[in-house]
Amino acid sequence: MDKLPPILYAEDNENDIELTLAAFEDCHIKNRIDVVRDGQEVIDYLRYQGNYTSRPHENPIVILLDIKMPRVSGIDALQIIKSDDHLKLIPVVILTSSSMDKDILESYNLGVNAYVVKPVSFEEFMQAVKKLGIFWALVNQSVRE
Amino acid sequence: MIFLNKLIQNIYKGITILGNPSHSYTPQKTTDPTRKLLSKLPVLVFACDTQGKFSFWNEACEQLTGYSFQEISLNPKPLALLYPELGNNPSIQHIIEPRIPPALFTLKGVQKRIQWQPIQDLALDDTQEQWYLGINITKKVFHQELLQLQTESIEKLSKKYPIQIIFRDLTLHINQLLPGNLSTVMLVQKDGKHLDPTDCPQIPPEIVDVLHSFPIGPNAASCGAAAYYGKRVITEDISQDPNWEGYQALALKYGLKACWSEPIKSEQGKVLGTFALYLRHARKPSALEITLMKKTVWVASLIIQTYQAEEKLQESENRFRTIFEKSLNPIFIADDEGYYLDVNQAAADVMGYPIEAMKGMHVSKLQIIDHPSPLKSYEKYLQKGREINELSFKRPDGQIRTALYQAIHISKDLNLSILSDITERIEMERELQKNKELFETFMDHLPGIVFILDAEHKTIYVNKKMREIHPIKEIIGKSASDLFPPEVAAKMTYYNHKTLTEGYQVNREEIAEPNGKVSVYETHRFPILRDSEALLLGAFALDISDRVKAERELEEYRKNLEKLVQERTLELEAMNKDLEAFVYSVSHDLRAPLRHIDGFSQILFQNIQNPSQKTQRYVDKIRTSIHKMSTMIDDLLKFSRLGRASLQKKPIDLNHLIAEVIAEFKPDLAHQEVKWIMGELPIIEGDYNLLRMVFENLISNALKFSAKSKPSTIEINTNPHGPNKCTIFVRDNGVGFDMAHADKLFKVFQRLHTEDEFEGTGIGLANVQQIVKKHGGSIWAYAEPGKGATFCLNF
């Protein structure tokens, strides 16, 4: 079996990271999950710059973006990704606590592939993350490099 | 020679004797040669016997009488022939009888007067002859008569005899002078084209009739022609004169054969009338008769002129009298002593006395105000001779009047004063003055400037305020350019012109007063019209500096306020953004910890081996709390979102909407028996999703609070004509609530029931109200504990 491409997960909240990772672990996602803490790191990661110059050359299978992050927000990062010819084909899922219409509308306008509101209930959250992981990591067929 | 001497003596004596007829002479014998001599003498001499038979008749006698000695001597009654006027058989004594005038004798129509004297001592040839010497005194007598005639006429004239009588007497006298003949005086009528006879009783009435309105003309008989030409016209023989055509028969009928007419002329030569003599013989006048006519005409002219002058005088006097009497100006005539000799009606009226009472009244009787002694004033006036003055006097009826009078001394008995009653005028002036004062007082109390200009923009009136501001001595007559700087004056002149041509104007003008203060005036200019033509310009200007200052301040405030509002709006917008950010953090940041608590507590529980029931319960409590908080956050988010959301309005059938909502609830009502009462609901304008949220909320509440009633009765109906104009109401038969807490009903997080009794976040009704308000509607509720609640909505 080929080495699975990683999932890029941008989230500044450690609790969310831990819970999300727990959810992924729980639903047997084998893909490596690369966690970054803000939008700038997302861009650095994808462009192999900053702390990610020596990163193995591969695009993530999906990018999970929180909106509210320090430095560069999820929306801004989304905009950069979707306007970068090398990156725009990577599926981006906004995974956020914000159910604000403004955020949803803006995200879709920028070409987001999915917008998922984190449920407060842990069970529902687990369900959502699991479904997300399964769909993007296993079901979805992304463009090959 | 002795005889001759005697004769001459006699002749002279005879002449003298005329004045003394008692003298007589002694006759003396004469011889034939003497007779011859006597017959040639230029003196009248005749001789006759006692029987009256003429024996001598000299040539002078023949010449004078026209009768020859033969005619006389052969006539049996020679004296009757000579003196037809003396009767059939006059004696010689009749002839020589000394009388004045001596007897007339008419010789072939010519009258003569001879003064005969017997020559006493002349006797010739011893005959019984008596000799007589005669002197022709015709002329002398005539002149005497004429003089007499003139004297009489003038005397009558001076005695103011009527002109008709004077002329009647005159013509009668002339008729006497020329016995058998007739005379008339005719006067030119006023038209100057006709003549009228004066009184002439001896002229036959038939002729008088013809003489009336006798035409003046070149061919109008004698008198008409004489008047026409202004010259004497002698008609020697009426029967032969073509000018007499038409009158000849009449004249001849009365034996009038000749007519001599002499015009009566004024000193200026104007024809006043004619004097005519009608003769019984067709002949021309003698020199003496011409003289008679001339003298008569002279006296007639005098008479006529005098009368005409008197008539004129009378007329003029009458005229002046009339003027005096009828004059509306009071006229007084007084003598030097101060007695009124005459006054006219107007004078009596103004003084308040009857006219008769005024005549003879003394000036001191008059009550002259301010002149205690009218007599003294009168005396003063007499010294000066004339006076023009004003006086006030009190009439007997108490009225006080004022008059202007003019007095002039003409003569002792003629002090003329003319008076003009000016009481009314003075009263009018006083009234006018009062009105003027009222006007000025009013104007001077006005808080603004008043000025009136004439059509040339020259000032004719200003009030006190204007005089105070512009203490220029003479504003009157000045125009704006004389009073204000050029640019201000130009503006004013423009406004003035516009007012006079277009009508009312109101303008604001900034005017620097002499003290340097700049004031703003609101000037109202209006034309003062007569016959819709602007005559004057009136203006009222109010100092509105304070108002303008206030306006400016207000404007400043307004601008500041606008700025402030703008600032506040910006602040508010910023706050709104903050709020949005807050809501964002609520939705994002508040949920996260909850999720974490839930997540980790779940993981924790999963990690506990064989958890006790207690542990399980605690975990459940944690999770219930988390759920509740999450719901609250969601509701809160919804609430804040509603506040900012815009409405998508369209017509909504409430029946349809309610049915949908109820249908949605039905699956959850397995354990609740519900009795639905539905009315016919209206269609309203609104946002479908939001209104649906409203009814979900209300029906959910109704179900929730009536859950314990068996069955739950829920009525959804309309009552638009009720006192509260309810569009739709939702009523339940649930637990209701105490109206004392009704004010908390629609407030966020306010609950009227414990959570143990009924679930809820306390945000639902707040959201409902928010939506209803956004639709411009209102919501209210009424309830009673245990008796259900009704929520009414009005859109």
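**A first look**

User: How many residues of strand β5 (residues 130-136) of chain B are buried?
Analyst: That strand is mostly covered, with 5 of its 7 residues buried. Buried means 20 or more other C-beta atoms within 10 Å of a residue's own, exposed means 12 or fewer, and partly exposed is in between, with C-beta atoms placed from the backbone. Helices (H or I, at least four residues) and strands (E, at least two) are DSSP runs, numbered from the N terminus.

User: Before we go on, what am I looking at?
Analyst: This is a predicted model, where local features need pLDDT of at least 70, side-chain atom pairs count only at pLDDT 80 or more, and totals for chains, interfaces and linings use all residues. Residues are numbered from 1 along each chain as its sequence is written, and chains are lettered from A and ligands numbered from 1 in the order in which they are written.

User: Back to β5(B), then. Which sense does its pairing with strand β1 (residues 44-48) of chain B take, parallel or antiparallel?
Analyst: Antiparallel, over 5 bridges. Two strands pair if DSSP finds at least two bridges between them. Here B:Ala47 has B:Trp131 of β5(B) as its bridge partner.

User: What about the largest nonpolar core?
Analyst: That core has 51 residues, and B:Leu195, B:Cys223 and B:Ala300 have the most contacts inside it. The elements that each supply at least two of its residues include α7 (138-158), β6 (182-188) and α12 (287-326) of chain B. A nonpolar core is a set of buried Ala, Val, Leu, Ile, Met, Phe, Trp, Tyr and Cys residues joined through C-beta atoms within 7 Å.

User: Which residues does B:Leu195 touch?
Analyst: Leaving out residues up to four places away in sequence, its contacts include B:Met186, B:Phe214, B:Ile216 and B:Cys223. Two residues are in contact if their C-beta atoms, placed from the backbone, lie within 7 Å.

User: Switching to chain A. How many helices and strands does it have?
Analyst: Chain A has 5 helices and 5 strands, and along the sequence they follow the pattern β-α-β-α-β-α-β-α-β-α. Of its 145 residues, 37% count as buried.

User: Is helix α2 (residues 39-47) of chain A mostly covered or mostly open?
Analyst: Mostly covered: 7 of its 9 residues are buried, among them A:Val42, A:Ile43 and A:Leu46. The cover over the buried residues of α2(A) includes β1 (7-10), β2 (33-36), β3 (62-65) and α3 (74-82) of chain A. Just after α2(A), A:Tyr48 takes a positive phi of about 55°.

User: And where the chains meet, how many residues does each give?
Analyst: The contact takes 15 residues from chain B and 17 residues from chain A. On chain B's side, the largest share, 12 residues, comes from α20(B).

User: Why does B:Asp653 count as exposed?
Analyst: Because B:Asp653 has 12 C-beta neighbours inside 10 Å. B:Asp653 sits in strand β23 (residues 649-653) of chain B.

User: Last one: what's the strand order in the open sheet of 5 strands?
Analyst: The order is β24-β26-β27-β29-β28 (chain B), with mixed pairing. Its edge strands, β24 (674-678) and β28 (778-783) of chain B, each pair on one side only. β28(B) pairs with strand β29 (residues 789-794) of chain B in the antiparallel sense over 6 bridges, and B:Trp780 stands opposite B:Cys792 in β29(B).
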